[in-house]
Amino acid sequence: MCGCKKKFKAAVSVRSLFLGKQRSAGSADRQGKAVRMKIAVIGQSLFGQEVYKELRKDGHTIVGVFTIPDKDGKADPLATEAEKDGVPVFKSPRWRVKGKAIPEVVAQYKATGAELNVLPFCSQFIPMEVIDHPKHGSIIYHPSLLPRHRGASAINWTLIHGDKKGGFTVFWADDGLDTGPILLQRECDVEPNDTVNTIYKRFLFPEGVKGTVEAVRLIAEGKAPRITQPQEGATYECIQKKDNSKIDWNQSAEVLHNWIRGNDKVPGAWADIDGQKVTFYGSTLMDNGSAAKGQPLEIPGASKPGIITKAGLVLFGNDNKALLVKNLQFEDGKMIAAAQYYSSGSSTAVELTEEEKTFAEQMKAVWKSILSNVTKIEDSTDFFKSGAASMDVVRLVEEVKLQASSCQLQNEDVYMNTTFQEFIQLCIRKLRGEDNEEELVVDYVEKNINNMTIKMPHQLFINGEFVDADGGKTYKTINPTDGMAICDVSLAQISDVDKAVAAAKEAFEEGEWAKMNPRDRGRLIYQLADLMEEHQEELATIEAIDSGAVYTLALKTHVGMSIQTFRYFAGWCDKIQGSTIPINQARPNRNLTFTKKEPIGVCAIVIPWNYPLMMLAWKTAACLAAGNTVVLKPAQVTPLTALKFAELAARAGLPKGVINILPGSGALVGQRLSDHPDVRKLGFTGSTEIGKHIMKSCAVSNVKKVSLELGGKSPLIIFSDCDMDKAVRMGMSSVFFNKGENCIAAGRLFVEDTIHDQFVKRVVEEVKKMKIGDPLDRSTDHGPQNHKAHLDKLVEYCQNGIKEGATQVCGGKQVQRPGFFFEPTVFTDVEDHMFIAKEESFGPVMIISKFQSGEVDDVLRRANATEYGLASGVFTRDISKALYVSERLNAGTVFVNTYNKTDVASPFGGFKQSGFGKDLGQEALNEYLKTKAVTIEY
């Protein structure tokens, strides 16, 4: 029975296993009927706490909690939760003495009257008098697929043996060690680089809680099976401890990797290096270790020396294949990044110049002022062993800045260089410019597609690094062309949001970005645009497979306009300025009043899935040009171009923390960004419903500045005096551009009655010519819808139109082929009261209504009879009519004899419930700036 805390990145396919013949645990008269039971919870830990809470939610009575005694005056989480609820809690240090049950402890237990014992995680030996006492017996959670890996280190051994499947078992307790009949099992895939912590946090903990509670439900309903464990495949391994976790180097790289990850973090796999025990953490398999460049490290017993690289320590198995270890820990407890192995010791100490010796003496005085209890600061004086705390770290970092402004330390630098000698060596290297930034490490997913190899980052991007989500949580992003998974993507958690916001805040307040000349800032953004252009085919290909955008459109618009946007705003960086204002003078003195435009601070950006990269660019470019830092949440279904953008931003030289990318759910990540007190601005593009919720959260939290680009139902009015060829061509584009997944799409076309039938006939003829197919095919006109849920909504939307009496002229159905393809659709005879006349489809659905000749004001009334006001359009050869209509259309953008004509220099945004604030153009900068007025008297 094990509840290990460790590290993992796994689990995909999950299924419940009810194995063999089932024999009910309940009486026949209760078959199928749930019964609320009296339960004793025996165990400990957060896992036990969660099981306890869920059982209470299910209506069961917890008659007693039996857990471990308080440690250092602190109760176990299970005990704390139960005591809060007034449930009796018993904290016996043991249940048995010399193999015999303690009568007083057993009597305490029996007095509770429990009908079932639930042991979610228990480190104590429970006597059989207790196990067998309740009417329904006892059930135990075990984190392996029994009969495999019986014993206390089950998760460790699952990884050490390189099992492809992991999981847990809930079984009926007997007098053996994890040998009782199986009640329930659930399994998960184990990925090559999973560790104990990630599999536990991502699957074994959350699904284990659910599985344990489900097992109790089955018992309550009289449906719980008792399946005898097979003898075949049964294993039992010893408890993993430090003394038996030494690495045997005469094995393959995969076996070495499994041993290291199986012991990460407790007890830790170790080896002798340079005469001391060194423990290895953070192992991953490598594709090509032989190409690694760095300093060799002799390891006794290894088939060949390791290599200290910028990414970490490369190790080799006896098969000449390689693995990478990220962190090392020494016997004194100090942990370092493996890449810093040689730079962390005194063997590489630099010789100080006279000027540097003076600086060292100044720093020695600073240390003495902080460590007042230390008589003399020696090279060997350890900052923390001498009594320093976290606040002292902050003070030390600030003191260094005062003494040498060019020596920019982070708190982490102090933690990794704890002795005075290590600290001074670090400072001198920084002053000399020898502390080169670590090489960007990217764990790519590579695919050969579209006549190229695309390399896609798939982890969160926080503070200049690609990292796994907390708990190793991931999800699959789907290619809408075939409905198949592209790759696993890290799924950000609340703790990840907090880390990203903290990084952005530090970069804004303390980092290089905050001190940078605006012209230098512009230079970096230009460099980013240049890198995007170098990678435009790769970006367009990623956009096509992740969002379904037709490749040629992605190249021109999704990516092309994104590049233009960054270049446009890069030019604005050194042109953001205030003004002088004449005010009444304070005679006989005089006054000078001027305004300054200043960046807001940490800005959150939440973008939709229809133009993943372009929506990122529209908001992020203006935000960066204004001098802010960014935490961006891409749409959960289209994260890949945002993560590729993060890589390019890092390679362009944008400092750490300036850009942070968090794929994840809106309910979790978006909500936390809305609520976070350190976020000062939130820019959102998405639905009106979610926009309202965000606006409310931003107001309640800290009155954030907000800009919202929300839903639309844009009217397009086509008069009889239009250029018919152009009206048909642009009318088609107004609806079917980007598969209709276009915020300014013409949601309703008003066509003058004298040309209505001709217009419809021409449109239908053109629709039938459209080629639906693979977005990477250069001849494709119409690709798949973005995701399955959206496809289903389009089908339902069209069914609603038919039910209300509109005429579906063509389309309206899913295309019968793999993927999420939907036929371009045309509706006529649409009346104002109908659902499809009022609500946005956000898909390739043309809604056509007639209006009577000459009734200009009436069609304007109908066009404006919506709560949306994002865009609109008019087609006519009469310039007076065009100007009259454009003045009276209540929308943020009006197109005349064109449509979808947006430009980086022209402001974009809506009215009414289509939101407020502008993207693009000079006005967009105002969304990310604040104005300060300064008055001087002289």
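Close-up 1. Because Trp157 belongs to helix H5 (residues 154-160) and Trp259 to helix H8 (residues 253-262), the pair ties together parts that are 102 residues apart in sequence; helices (H or I, at least four residues) and strands (E, at least two) are DSSP runs, numbered from the N terminus. Trp157 is buried at a relative accessible area of 11%, and Trp259 is buried at 15%, where buried means under 20% relative accessible area, exposed over 50% and partly exposed in between (1.4 Å probe, protein chains only). Trp609 and Phe842 also form an edge-to-face pair, at 5.4 Å centre to centre and with 85 degrees between the planes. Trp609 lies in the loop between strand E26 (602-606) and H18, and Phe842 in the loop between helix H25 (835-838) and strand E35 (845-851), so that this pair ties together parts 233 residues apart in sequence. Trp609 is buried, with a relative accessible area of 18%, and Phe842 counts as buried at 18%.

Residues are numbered from 1 along each chain as its sequence is written. Because the model is predicted, local features need pLDDT of at least 70 and side-chain atom pairs count only at pLDDT 80 or more, whereas totals for chains, interfaces and linings use all residues, and side-chain values use heavy atoms, with hydrogens and water left out.

**Close-up 2. The largest nonpolar core and the surroundings of Leu624.** The largest nonpolar core has 109 residues, of which Met532, Phe566, Leu624, Ile718, Leu749 and Phe759 touch the most other members; such a core is a set of buried Ala, Val, Leu, Ile, Met, Phe, Trp, Tyr and Cys residues joined through side-chain atoms within 4.5 Å. Helix H18 (residues 612-625) supplies the largest share of this core, 11 residues. Apart from its neighbours within four places in sequence, Leu624 is in contact with Trp513, Arg521, Ile525, Phe566, Val630, Leu654, Val658 and Ile659, contact meaning heavy atoms within 4.5 Å.

**Close-up 3. Cysteines without a disulfide.** The structure holds zero disulfides, a disulfide being a pair of cysteine sulfur atoms within 2.5 Å. Cys623 is in no disulfide, and the nearest cysteine sulfur, that of Cys603, is 3.7 Å away. Cys623 counts as buried at 0% relative accessibility, whereas Cys238 is partly exposed, with a relative accessible area of 38%.

**Close-up 4. An open antiparallel sheet of three strands.** The strands are ordered E24-E25-E41 in an open sheet with antiparallel pairing, and two strands are said to pair if DSSP finds at least two bridges between them. Strand E24 (580-581) and strand E41 (929-937) stand at the edges with a single partner strand each, so one side of each is left without a neighbour in the sheet. E24 pairs with strand E25 (residues 591-599) in the antiparallel sense over two bridges, and the bridge partner of Ile581 in E25 is Thr593.

Close-up 5. His149, found in the loop between E8 and H5, has a positive phi of about 60 degrees although it is not a glycine. His149 counts as buried at 1% relative accessibility.

Note on methods. Rings of Phe, Tyr and Trp (its six-membered ring) pair if their centres lie within 6.5 Å; planes under 30 degrees apart count as stacked, over 60 as edge-to-face and the rest as tilted.
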